[in-house]
Amino acid sequence: MIDDKKRSFIKGLTWRVIATSDTIFLSWFFTGSIVAAVSIGLLELATKTILYYVHERVWAHVVQMWRKKGSKQVFKKTSIMKALTWRVLASLDTTFLAFIVTGDIVAAVSIGGVEVFTKLFFYYIHERLWSRVSWGRKQIS
């Protein structure tokens, strides 16, 4: 089984809503500025939508070796590995964007550092929920 492009796109959108909300909250918490928080969140919306789609397409091919033959469910190990690889890429992006917006390296590293934990948790839950949805999966020969 492999995820088609539409499934990857919709998964990306649902994740972006969750993740951007988390980033805005954390940015507001660490900067005290709702303007900076929304700016970081909106920039992240653009960069991460693209990054997530690419990440999903790469994993759609990599994950085949970790699936049980004929299984329609994703292994928990796959969800964990996807969460870790995504988190590294995404946290670097958030830290960079936060620094560009605020010019404050301490705030940027704080935002990026805390979101590692909050988003790993949210991403794992997101992946587990999507593993129960069969829409957008196709059999490969």
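The expected span of a helix is 1.5 Å times one less than its number of residues. Helices (H or I, at least four residues) and strands (E, at least two) are DSSP runs, numbered from the N terminus. The model is predicted, with local features needing pLDDT of at least 70, side-chain atom pairs counted only at pLDDT 80 or more, and totals for chains, interfaces and linings using all residues. Residues are numbered from 1 along each chain as its sequence is written, and side-chain values use heavy atoms, with hydrogens and water left out.

View 1. The 27 residues of α3 should span 39 Å at 1.5 Å a residue, and the 37 Å between its end C-alpha atoms agrees. Buried residues (under 20% relative accessible area; exposed is over 50%, partly exposed in between; 1.4 Å probe, protein chains only) of α3 include Trp86, Arg87 and Leu97. The buried residues of α3 pack against α1, α2 and α4, where contact means heavy atoms within 4.5 Å.

**View 2. Leu92 in helix α3.** Leu92 lies in α3 and is exposed, with a relative accessible area of 59%. Between Leu92 and Tyr53, 39 residues apart in sequence, the C-alpha to C-alpha distance is 17 Å.

**View 3. From α3 into α4.** At the start of α4, the backbone nitrogen of Val106 has a side-chain oxygen of Asp104 within 3.0 Å.

**View 4. Packing of helix α4.** Among the buried residues of α4 are Ile111, Tyr123 and Trp130. The buried residues of α4 pack against α1 (5-31), α2 (34-62), α3 (76-102) and β2 (137-138).

Methods
A polar contact is a pair of N or O atoms within 3.5 Å; within protein, one must be able to donate a hydrogen and the other to accept it, and residues adjacent in sequence count only if both atoms are side-chain atoms.
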